[in-house]
Amino acid sequence: MAKSRFSFFGKLCLKKPVLIIDGNSKNRYDKIVDFIGLMEEPGMKLIKSNYYHKMILFSIFLITFPIVTVGGFSYIRASHTIQEKVNMGSLQILKQMQHRVEQSLRTADNALTQFTASSSVAKLLTNDVREVHRSSSIQMIEELQEGLRRIQTYDLGMSDVQFIQLRYQWKMTNKGYEPFSSSEPDWRQLLGTKRGSYWNIGENSIDLVKTLPVTALEPPAAVILKVPYEEISKFLSVDAELGKPFIMDSAYRIIADADSSRIGLSVAAQPYIQQLMAAKNEQGIIPIDMDGISYNFIFSRSVYNGWTYASYVSIEAMTRESQAIKWFTLLVCVLVLAAGVAASLFGTRKMYIPILRLYQELFTTSSGHANPLKGKDELQLIGEKFRAYVNTEKKMSHELQYQRNQLQDFFMLKLFLGEAEQQEIEDKLLVNGETWNSLRVLVVQIDTLDGTKYEEKDKDLLLFAVNNIVTELVQASDRLLKPILMDQSQVNLIRSTHPTHEEAIRFTDGLANEIQQTLKYYLHIKVSLGISRPFNYLKGTHRAYKEALEALNYRIKLGNEAILYIADVQPNDRSLPEYPEKLKNDLIDAIKLSDREQSYRLLQQFSHEVFSVQLSHREYQIMMIGLLTDLLRVLQESGGLLQSLYEEEKSLFDRLFELQTSNEIVEWFFHSIIVPSIRLLEEQRSKQYLRISEEMISMVHSDYDKNLTIEMCAFRINYHPDYIRHVFRKEVGTPFGEYLAQYRLQIAKKWLTETNMKIAEIAEKLQYNNSQNFIRYFRKMEGMTPGQYRNTTDNGAADLH
């Protein structure tokens, strides 16, 4: 589905190029097309990318987690804050209600206290209105009634104020003066043992009782103020914040409630009353559950009369506002989350494109398809690829270092064997600007293994240890390149920067003695050292190496464990010429390659090397005879007939002895030996080339319908594939593969005109991978398809008939 959407959008963009107005729009368009192209890469659909999915999930998680966390925390915090505010508000309203009730009760109490403190009340405590003068009694009763009426004017809804004269058995009520009747209750028993001022809970009212006088143990009178329960309940109001307020006395009996049916009920058996009794605070909140509904039980104890003011606040009512906050927070979180997810999808795609391109660069095969992920993500595979590259690089570095050491050893071998060119010596040794006053070759050889713990089979290992120890002893500043092993000898090229010959000798003696003693101490073997004459040019290294070896030969006279200077054992300093072996080999190679100019130049260099040393005439002739012998051997090995050059082989040597100067010798060698040899080799090579090309052509003509390759042809005629490839192209003029393809094309044209073979059958017989490749090649070479070619030839034949 995703690919269809991308494909449609890509086609739409490609079909509407007129929408591109400016450069910026063009860039955006190109990016969109590139992105769509990446999405539609074969084998690399974006929807199947493990890493892309992980990036999306991680981006969504990064957005979702903080939004959900912050939103949830905000809602929980807001809900908790609202509940705290509602609880505190409810508690404050409850306190206000308590304050109003108690203020009214205190007002009535104060009024009653003022009344009891009046002189008229005091007279009634000691005088019996029944015995005093009638007018005085009436006056005292009227004053008492007036005082009681004043108390009832306070807005407390008092139903009655009674004055009880306990001593003289009469009372004053709303009905007036009344003596105790026979049915009158025992007031002293009703008042009980309490004295002073206190609140008493009656059946229909709440009574404020004051005994008179307050301090009397047997009070003669009492004043009772009756407040109906309904009057107290008027101070209670039911709303959403306060809940259902009510008032309980000290025995947890409801004395005021908005629901009058609850007045007088005892709630002491309720579970929350037990929590209330256990609570030590004067006010607080207790969570309760009634009838499956959660409430907060809010209470406040009164220190005035011991009552408890309480209310139930529904949790649902309290959280109604927080629910609105919850839905609003959820809506905001969903909107922010949707915007974040959209941004993460876009951003993830933008960030993933470079990773996708890098993956395709690393894992795209020759067929244009990227390798499957195989349960891994792209970065894992890229990391594995780079780790493989790093490991490969490390292996190559180690290999290159090893090869470098091998090349260095090989160069040292060439230098000591005299096969290094002057230019090669300068490139290898003089690149860092090394300087010296003199050079010497120092050769270390083991004298004997007799009397040691080693056997002859251990000699190679011993030489390796000797080379390592000597390498450590000879400082890098005192040698050129590192020492090497050559033919059971350890060889060093020592350089000296000492200004005088005597200092150089002392340095060489000290180094030789140190080498000898160290090897004896650590390896328990005896060694001898051969030291060449000093020389200044690296070209003389080969001669110095031979001198050091020659010096070691004098152990037969001086014994083992010797340090032998060639100048001491062979004082004659006459330099014998060296046979230029390398120049001779290079000359033979030039002759084989038929390079006459190079052959002539190398021959002149060879002559210069031989004649640069002062020798006798006979010694010069011996050197040149050696060159002649080597050249004749090469001709004989190549199958050439010497009789084709000269009638008798000995005439060549006779002619060489007759020559007088070096120039004559060079010219004679070049024209009489080298040029005929090159001509003879070219004739043989031409015959060989012709034979090889004919054999390969014969194989093409006979095996064109087989999987014929240049390697198969080389295997049949026992030559290297590169060699016969070069020979065939030189002799035939076209590469082998092209010749084979052209011959197969001729066969195909023949089959198209002379047979009814199908094109696919022809392609298969001619070793094409499929018929499309055959048709493509045929059309390229002939300008038409095989079918068109067959129809053309058939029509031409029909026209002739």
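## Cysteines

A disulfide here is a pair of cysteine sulfur atoms within 2.5 Å, and by that rule the count comes to 0. Cysteine 333 is buried at a relative accessible area of 17%, and Cysteine 713 is buried at 0%. (Buried is under 20% relative accessible area, exposed over 50%, partly exposed in between, with a 1.4 Å probe and protein chains only.)

Bear in mind that this is a predicted model, where local features need pLDDT of at least 70, side-chain atom pairs count only at pLDDT 80 or more, and totals for chains, interfaces and linings use all residues. Residues are numbered from 1 along each chain as its sequence is written, and side-chain values use heavy atoms, with hydrogens and water left out.

## Cores

A nonpolar core is a set of buried Ala, Val, Leu, Ile, Met, Phe, Trp, Tyr and Cys residues joined through side-chain atoms within 4.5 Å. The largest has 45 residues, and Phe163, Ile247 and Trp307 have the most contacts inside it.

## The largest cavity

On a 1 Å grid over the protein atoms alone, a cavity is a set of points where a 1.4 Å probe fits but cannot get out; lining residues have an atom within 4 Å of a point. The largest cavity is lined by Ile588, Ile591, Leu631, Val634, Leu635 and Ser677. Helix α20 (617-637) gives the most to this lining, with 3 residues.

Note on methods:
On a 1 Å grid over the protein atoms alone, a cavity is a set of points where a 1.4 Å probe fits but cannot get out, and a pocket is an open set with protein on both sides within 12 Å along at least five of seven lines; lining residues have an atom within 4 Å of a point. Helices (H or I, at least four residues) and strands (E, at least two) are DSSP runs, numbered from the N terminus.
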